[in-house]
Amino acid sequence: MQIGCFVALVKRLTAITREVSESINGCELSFHVRQPIDLHRAIAQHTAYQNCFVRLGLQLVPVPAEPKLPDAVFVEDTAVVFDETAIICNIGAPSRRAETQSMATVLSRYRTLKFLKEPGTLDGGDVLQIGHRVFVGSSRRTNRAGIEQLSKLLQPFDYQVEMVEVKDCLHLKSACSYLGNDTILINRAWINAEPFRGFRLIDVAADEPAAANALLIEGVLIMPNSCPKTLALLERQGFQICTVDVSELQKAEGGVTCCTIIFRAD
Ligand code: CIR
């Protein structure tokens, strides 16, 4: 069988992205001091980030641009996609709630939608799915009501939702990422690691907190190039890594997971 035929038979991963808004300098900030963001550099970094997905064979699906919504590039927070359903979030920051409308339209092509609602708030950046275990950060953006709603919406599908206390950072996935093979990359200064007992934990270098946000795609880790010590540590352990420069997006308190939602299209 020719390779082309084989690729056509395998379900490809889909990566939803949205272009950087020209208003990004008005973004929400919780733990970072505001610094000017160079829009053109941010756009170039975002383009290189998307090219990384294309090189890995993912199908890019851009959602409509939202020039007036400063944080719209951070699509991860708008929805959480499971094999069985897509949960449209009630984003914790009111200024970001309008981002979910166009996302719901796009995701309805792929999944049955369910919606989180007041008084529950939940950002996708607080959700770390590992098989049928769903770890959810209790953070400034995600409240108990949001976590309970998520748990109820997932009940028919046999997922186990577990809460993780997040402190001193924006989201759960600012502080930890799944690396495959029961291994988690973690910054223990920012979360309570107790819910992850039984996993192998790899600590980021103490002076590289941003390293804890990594994106695993088919065995390859996408990581920021700003964390050389953690990168060297992971490379020594045999991880395959693709680095990206996301320095401008990091000024907006974003990272490598937050600019995409990745799932297998049916
Ligand atoms: C915010 O504060 O909502 C944005 N400036 C950054 C969101 C980053 N999202 C993420 O890491 N999932």
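**View 1. Shell of residues around the ligand.** The shell around the ligand holds 7 charged, 4 nonpolar and 3 polar residues (nonpolar: Ala, Val, Leu, Ile, Met, Phe, Trp, Tyr, Cys and Pro; charged: Asp, Glu, Lys and Arg; polar: the others, Gly among them). The model is predicted: local features need pLDDT of at least 70 and side-chain atom pairs pLDDT 80 or more, while totals for chains, interfaces and linings use all residues. Residues are numbered from 1 along each chain as its sequence is written, and side-chain values use heavy atoms, with hydrogens and water left out. Among the 14 residues around the ligand, those that come nearest are D71, E76, R96, R141 and A252 (a residue is near if one of its heavy atoms lies within 4 Å).

View 2. A polar side-chain atom of D71 is 2.7 Å from a ligand nitrogen atom. For D77, a polar side-chain atom lies 2.8 Å from a nitrogen atom of the ligand. E28 places a backbone N or O atom 2.8 Å from a ligand nitrogen atom. Of the 350 Å² of accessible area that the ligand has on its own, the protein covers 97% (Shrake-Rupley method, 1.4 Å probe; for residues, only the protein chains shown count as cover).

**View 3. The second largest pocket.** The ligand takes up the space of this pocket (a molecule sits in a pocket if more than half of its atoms lie within 2 Å of its grid points). A pocket is an open set of points on a 1 Å grid over the protein atoms alone, where a 1.4 Å probe fits, with protein on both sides within 12 Å along at least five of seven lines; lining residues have an atom within 4 Å of a point. The second largest pocket holds about 430 Å³ of space (the volume filled by probe spheres set on the points, which are joined across faces, edges and corners). It is lined by 28 residues, with H32, S174, E253, G254 and G255 closest to its centre.

**View 4. The largest pocket.** About 950 Å³ of space lies here. Of the 29 lining residues, V81, Q129, L215, L216 and I262 lie nearest the centre. β15 gives the largest share of the lining, 4 residues (strands are DSSP runs of E, at least two residues, numbered from the N terminus).

Conventions
Polar contact = N/O pair within 3.5 Å; in protein donor to acceptor, adjacent residues only side chain to side chain.
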